[in-house]
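I opened the structure to look up a few local features. My entries follow.

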Amino acid sequence: MVLILVFGAALLVAVLLSGLAARTVLSTSFLFLVGGALVSDGFLGWIHITPDSQMVSVTADLALFAVLFTDGMHVSFPKLRENWKNPARALGLGMPLAFIGMALITHFLVGLDWTTSFLVGAVLAPTDPVFASAIVGRKEVPAKLRQLLNVESGINDGLALPVVLIFIAMAGPTAGHVEAGFGTIALELFLGLVFGVVIPFVVIELVRFRLLGAEPKLQPLLPLAIGVILYALCHLTHANPYLAAFSAGAVITARSLEAKESFEPLGESLAELSKFAALLVFGALLTPSLFGDLSLGGYVAVVLAIVLIRPASLLLSLIGTRFTKQEKLVAAWFGPKGFASVVYGLLVLQAGIPQGQEAFTLIAVCIAFSIVAHSSTDVPIARLFHVEDIAGVDEAPGAEKDDRKTPRLTA
C-alpha cells in the first residue's frame with residue numbers, strides 16, 4: 001500500500017507540475033524516477049524492492065506491452081511509403097552503428113566480455129521521444145525532423161528485441177545450447193507476430209458484421225479487449241508479447257482508423273500510467289550503492305554513449321540528406337535511452353548471466369543520466385525552432401494528424 005500511496009502522490013505532483021514542466025527543464029518522468037529512489041532502501045526505506053522482485057518484472061512487462069501497443073497504432077503505412085528514406089537510414093545504419101559503438105566502449109572501458117558488451121549495446125540501442133516531447137509534438141518543428149524521430153523510436157524497440165533475446169541466450173547459463181535457444185526465440189517471435197496480426201484482424205472483421213458492432217461509448221474498449229486477450233494468450237503460449245503488441249497496434253490502425261481514433265485518448269493515458277508506474281519501480285532500484293558499483297570506466301562509457309555514440313552514429317547515417325545542419329544536430333542529440341531499455345535491462349538482470357549485474361548497473365546508470373540530459377534540454381532546443389507556447393495546444397487546423405507523440409504529462 002505504501003508503494004500505491006507513493007505512486008498516487010507522485011502522479012498528483014506530476015499533474016500539478018505538468019504545465020510548468022512543459023515550459024521548463026523540469027521533467028515529470030524524472031519526478032517518478034526520483035520519487036522511486038527516495039522511498040527505496042537507499043534513502044527513506046519505505047519500500048523494499050529488489051531486481052528479482054515479481055513486482056519489478058510484472059510492472060515492466062505490462063508497461064512495455066502497453067507502450068508498444070499504442071506505439072504500433074502510430075505507424076502509418078501510407079506515410080512510411082511516402083517518406084521512408086530518412087527513417088530507414090536511421091534504423092538501417094544509425095542504429096547498428098550505435099549498437100556496435102556501445103559494445104566497443106563497454107568492452108574496452110568497462111571490461112565486460114564481448115557477448116555481454118554486445119548485449120548492452122542492443123539494450124541501449126532503442127530510443128524514446130517521450131523525453132523530447134517539446135520537439136516531436138510541435139508543428140513549428142519541421143515535419144521531416146519530427147517524423148524521423150517518431151518513426152525511428154516507434155520501430156527500433158521492436159528491432160532491438162530479437163537481438164537482445166539472442167545475446168541473452170548466448171550469454172546466459174544455457175549458452176552451451178545456443179542453437180536450441182535460437183530456435184525457441186524464433187518460435188516465440190513468430191507466434192507473437194502471428195497473434196499480433198491475426199487476432200486484431202479477426203476482431204475488426206467481426207465488428208463489420210451487420211448484427212455486431214459497438215455503441216459509441218464502448219468503442220474505445222474494443223482495442224483494449226484485443227490487447228487484454230493478446231497479452232494473456234502470449235503468456236499462456238510463451239509467444240513474444242512485445243512483438244505481438246506492436247504488430248496488433250499497427251494492424252488496428254491499418255484495418256480500422258475509427259477504432260484507433262476512439263481508443264487513442266484512453267490508450268495514451270493507460271500507456272502513460274503504466275510507464276510512470278514502471279519508472280517509479282525502476283527508480284527504487286537506483287540506490288546509492290548501485291551508482292557506487294559502477295567503475296570510473298563505466299561512467300566514461302555512459303557519458304560517451306550519450307554525447308558521442310548516438311550523435312555520431314545518426315549524423316553519419318544522415319550524410320547526404322536534405323536536413324539542415326541544425327536539424328541534423330537536434331536529431332542526433334535526441335536519442336534518449338528510453339523505456340524499452342529499462343525493460344530489456346531488467347530482462348538482462350533476471351536472466352542469470354554471469355556478468356548480468358555489471359551489465360545492469362551500466363544500463364541503469366546510462367538510462368538515468370539520459371533521462372536527466374534529454375528531458376531537461378527539449379524545451380530550450382524547441383525554442384530554436386521558435387516554439388514559444390510549449391504548453392499550448394499541439395495541432396492547429398490543417399496540421400498533421402499522424403505524429404506519433406503529442407505533448408502529454410512528460411516534458
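Is Cys234 buried or exposed? I found Cys234 buried, at a relative accessible area of 1%. Buried means under 20% relative accessible area, exposed over 50%, and partly exposed in between (1.4 Å probe, protein chains only).

A note on the source: this is a predicted model, in which local features need pLDDT of at least 70 and side-chain atom pairs count only at pLDDT 80 or more, while totals for chains, interfaces and linings use all residues. Residues are numbered from 1 along each chain as its sequence is written, and side-chain values use heavy atoms, with hydrogens and water left out.

I checked Cys366 next, and it is buried too, at 0%. I then searched the whole structure for disulfides (cysteine sulfur pairs within 2.5 Å) and got 0.

I moved on to helix 11, residues 241–255. Helices are DSSP runs of H or I with at least four residues, numbered from the N terminus. Helix 11 has 15 residues and spans 21 Å from its first C-alpha to its last, close to the expected 21 Å (1.5 Å times one less than the number of residues). Of its 15 residues, 12 are buried, so helix 11 is largely enclosed by the rest of the structure. Among the buried ones I listed Tyr242, Phe246, Val251 and Ile252. At the start of helix 11, a side-chain oxygen of Asn240 comes to within 3.1 Å of the backbone nitrogen of Tyr242.

Last, I looked up Leu206, which sits in helix 9 (residues 178–207). Leu206 is partly exposed, with a relative accessible area of 41%.

Terms used. Helices (H or I, at least four residues) and strands (E, at least two) are DSSP runs, numbered from the N terminus. A polar contact is a pair of N or O atoms within 3.5 Å; within protein, one must be able to donate a hydrogen and the other to accept it, and residues adjacent in sequence count only if both atoms are side-chain atoms.
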